[in-house]
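Hello,

Here is the structure I promised to pass on. Please have a look at it below, and then read on for what turned up.

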Amino acid sequence: MTLRTPLCETLEIDHPIVQAPIGSATTPELAAAVSNAGGLGHLAVTWRDLEETRDVIRETRERTEEPFAVNLALDEATTLVETDAHLEAVLEAGAPIVSVSFGDAAPYVDRVREAGALSLQTVGSAEAAREAVDAGVDVVVTQGLEAGGHVQSEVATTALVPRVADAVGDEVPIVAAGGIADGRGIAAALALGADGAWLGTRFVATAEANVHDEYQRRVRESDETDTSYTTVFDKGWPGMAHRVLRNETLERWEDADRPPVGERPGETDVIARTDAGAGDPIERYDEALATPDVDGDIGEMALYAGQSVGLTDDVRPAGDAVEALVSETREAISRTAGWSDRDG
């Protein structure tokens, strides 16, 4: 059974599986492994400077001849360098696909196309999807409320995808994001009208992801009720909603009746440091990702995960994860197709 969809044709990939740009957890090794397995690997570069951006794109190109994407978050609060300069560096480094989130792709679509690259935009509503298509994006990504990390929608994936499919029609491929971690979720997304699936939490739990062992342990051991949609980890990205694993930091804030910024319990506590404890401090409520070089109370940091976390119970090589997802999706489609052959 083939899983090729219009997304595969547009992006020139074998399987309709996209690794989400999971912030500082992305690495050339991860992106290349996903792409080499037939999916679409992703780099996140918003928090990287121009030199590092060029370096990680170059290294990814050295590791794979397949397409991969590079993501920029457009919200000004996240921008380490000015977006125009960052996009120019991404395109000059040879990124074949550029995805944007938390902002409007319209000002950048023509530049991406002129460089010979494709553009993706993440949206949280049917109206935003229609505007993105009218602006000329090549692929629309619909992010549902179930997603981990920073979230730009208040609508569940199962309600959002059909609405976007109706708004966009067959003009561009649609990718479903949020709450998807196995082949059953991918099959469901395809049935809802998507042409592919965008997975983040599943790829946090891979050998190539740049995340702390304790973070991966929490992901493996958590279930679907262990996440919260909140704005509490906002130091570094004020006011931006996100979904994280529940921990003592979150619960202390809730027990204090959710006080505002400036009045939260332990607000200036230094709970960890970068560079194995010798680097920059990470305060409670910081949005910093728990990477392997961080030393401290990892469990009290923002541990980003979606509601699909209960389906993510192991850490495996990213290529193996893609192969398993393809097999599971085929099995789920075959199973549902078999229902039509039953008597009655």
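Let me start with E12, which counts as exposed because its relative accessibility is 61%. Throughout, buried means under 20% relative accessible area, exposed means over 50%, and partly exposed is anything in between, with a 1.4 Å probe and protein chains only. E12 sits in the loop between helix 1 (6-11) and strand 1 (17-19), and has a positive phi of about 60 degrees although it is not a glycine. R258 is another non-glycine residue with a positive phi, of about 55 degrees; its place is the loop between helix 11 (248-255) and strand 12 (270-273). Helices (H or I, at least four residues) and strands (E, at least two) are DSSP runs, numbered from the N terminus.

Before you go further, a word on the source: this is a predicted model, where local features need pLDDT of at least 70 and side-chain atom pairs count only at pLDDT 80 or more, while totals for chains, interfaces and linings use all residues. Residues are numbered from 1 along each chain as its sequence is written, and side-chain values use heavy atoms, with hydrogens and water left out.

Helix 10

Which residues of helix 10 (residues 213-221) are buried? They are Y215, Q216, R218 and V219. Looking down the axis of helix 10, these buried residues fall within an arc of 160 degrees, so they line one face of the helix; the arc is that of the directions from the helix axis to the C-beta atoms. They pack against helix 9 (201-204) and strand 11 (242-245), where contact means heavy atoms within 4.5 Å. D213 and E221, on the other side of helix 10, are exposed. For E221 the relative accessibility is 51%, so this residue counts as exposed. E221 and A321 are 100 residues apart in sequence, and their C-alpha atoms are 18 Å apart in space.

Strands

Strand 2 (residues 41-44) is covered on both faces: G41 and L43 are buried on one side, and H42 and A44 are buried on the other. In a regular strand the side chains alternate between the two faces of the sheet. Strand 2 and strand 3 run parallel and are joined by 4 bridges; two strands pair if DSSP finds at least two bridges between them. A44 has N71 in strand 3 as its bridge partner.

Elsewhere, 3 strands form an open sheet in the order 13-12-14, with antiparallel pairing. Strand 13 (281-283) and strand 14 (295-296) are at the edges with a single partner strand each, so one side of each is left without a neighbour in the sheet. Strand 12 and strand 13 are joined by 3 bridges, and A272 stands opposite I282 in strand 13.

Cavities and a pocket

Grid points are joined across faces, edges and corners, and a volume is the space filled by probe spheres set on the points.

How many cavities of 30 Å³ or more does the whole structure hold? The search finds 2. The largest cavity has about 50 Å³ of space, and its lining is T46, L72, A73, L74, T79, L80, V81, T83 and H86. Strand 3 (68-73) and helix 4 (83-92) are the elements that give two or more residues to this lining. By class, the lining of the largest cavity has 5 nonpolar, 4 polar and no charged residues (Ala, Val, Leu, Ile, Met, Phe, Trp, Tyr, Cys and Pro count as nonpolar, Asp, Glu, Lys and Arg as charged, and the others, Gly among them, as polar).

The second largest cavity has a volume of about 30 Å³, and V98, V100, A105, Y108, V109, V112 and S119 line it. Helix 5 supplies the largest share of that lining, 3 residues.

The second largest pocket has a volume of about 220 Å³. Of its 12 lining residues, R184, A187, A332, R335 and T336 lie nearest its centre. Helix 12 gives the most to this lining, with 6 residues.

Best wishes

Conventions:
On a 1 Å grid over the protein atoms alone, a cavity is a set of points where a 1.4 Å probe fits but cannot get out, and a pocket is an open set with protein on both sides within 12 Å along at least five of seven lines; lining residues have an atom within 4 Å of a point.
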